[in-house]
Amino acid sequence: MGHAIASIWRGITYRGGDGQWAWLLHRVGGIGILAFLFLHVFDIYLMNLGEDIFSKFLILYTAPVFKVMEVALIFGVLFHAINGIRIIIIDFWPATTVHERLMFRVAMVLTLIAFVPTAVITLSTFFHTPA
């Protein structure tokens, strides 16, 4: 009986892999983009309360933690867009599911090709002092 339950459990549980990482990164990227959208709408709303309040809030964006969050947002946007194209291809051409793992890895490579130089430029303010 125990062996049968263990076999059923192995059959119904998801064991991870590329598909799980694609799903997780796509969802986390989408949530990050949504959080940024809310923050952006909020800081634009602050303009209605006065320039002083708006300027004080914008100073937060110069903090190192916001720079790291900005880099994470860049990764999220790039991956979400490129992985979204992969999902569209799979949805419209179901025969491509046999290449799903390869397409995920291509999406990751394309994301990193676009992300790394962008992250270096974005983080360069940490390593160079303005003249």
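User: In this predicted model, what makes T122 count as buried?

Analyst: The relative accessibility of T122 is 11%. Buried means under 20%, so T122 is called buried. T122 sits in helix α5, which covers residues 100–127.

User: Which residues does T122 touch, leaving aside those up to four places away in sequence?

Analyst: They are K67, E70, V71 and I74. A contact here requires heavy atoms within 4.5 Å. For T122 and K67, which are 55 residues apart along the chain, the C-alpha atoms are separated by 7.6 Å.

User: What does the side chain of T122 reach at 2.8 Å?

Analyst: The side chain of T122 reaches the backbone oxygen of T118 at that distance, 2.8 Å. The cut-off for a polar contact is a pair of N or O atoms within 3.5 Å.

User: How many aromatic pairs does a search of the whole structure find?

Analyst: The search finds seven.

User: Why is the pair of F42 and F57 called edge-to-face?

Analyst: The ring centres of F42 and F57 are 5.5 Å apart and the planes stand at 75°. Centres within 6.5 Å make a pair, and planes over 60 degrees apart count as edge-to-face, so F42 and F57 are given that name.

User: Which parts does the pair of F42 and F57 tie together?

Analyst: F42 belongs to helix α2 (residues 18–46) and F57 to helix α3 (residues 51–59), so the pair links parts that are 15 residues apart in sequence.

User: What makes the pair of F92 and W93 tilted?

Analyst: F92 and W93 lie 6.2 Å centre to centre, with 55° between the planes. Planes under 30 degrees apart would be stacked and over 60 edge-to-face, with the rest tilted, so this pair is tilted. Both F92 and W93 are exposed.

User: Which residues form one aromatic cluster with F42?

Analyst: F57, Y61 and F66 form one aromatic cluster together with F42.

Technical notes: Residues are numbered from 1 along each chain as its sequence is written. This is a predicted model: local features need pLDDT of at least 70, side-chain atom pairs count only at pLDDT 80 or more; totals for chains, interfaces and linings use all residues. Side-chain values use heavy atoms; hydrogens and water are left out. Helices (H or I, at least four residues) and strands (E, at least two) are DSSP runs, numbered from the N terminus. Buried means under 20% relative accessible area, exposed over 50%, partly exposed in between (1.4 Å probe, protein chains only). Rings of Phe, Tyr and Trp (its six-membered ring) pair if their centres lie within 6.5 Å; planes under 30 degrees apart count as stacked, over 60 as edge-to-face and the rest as tilted. A polar contact is a pair of N or O atoms within 3.5 Å; within protein, one must be able to donate a hydrogen and the other to accept it, and residues adjacent in sequence count only if both atoms are side-chain atoms.
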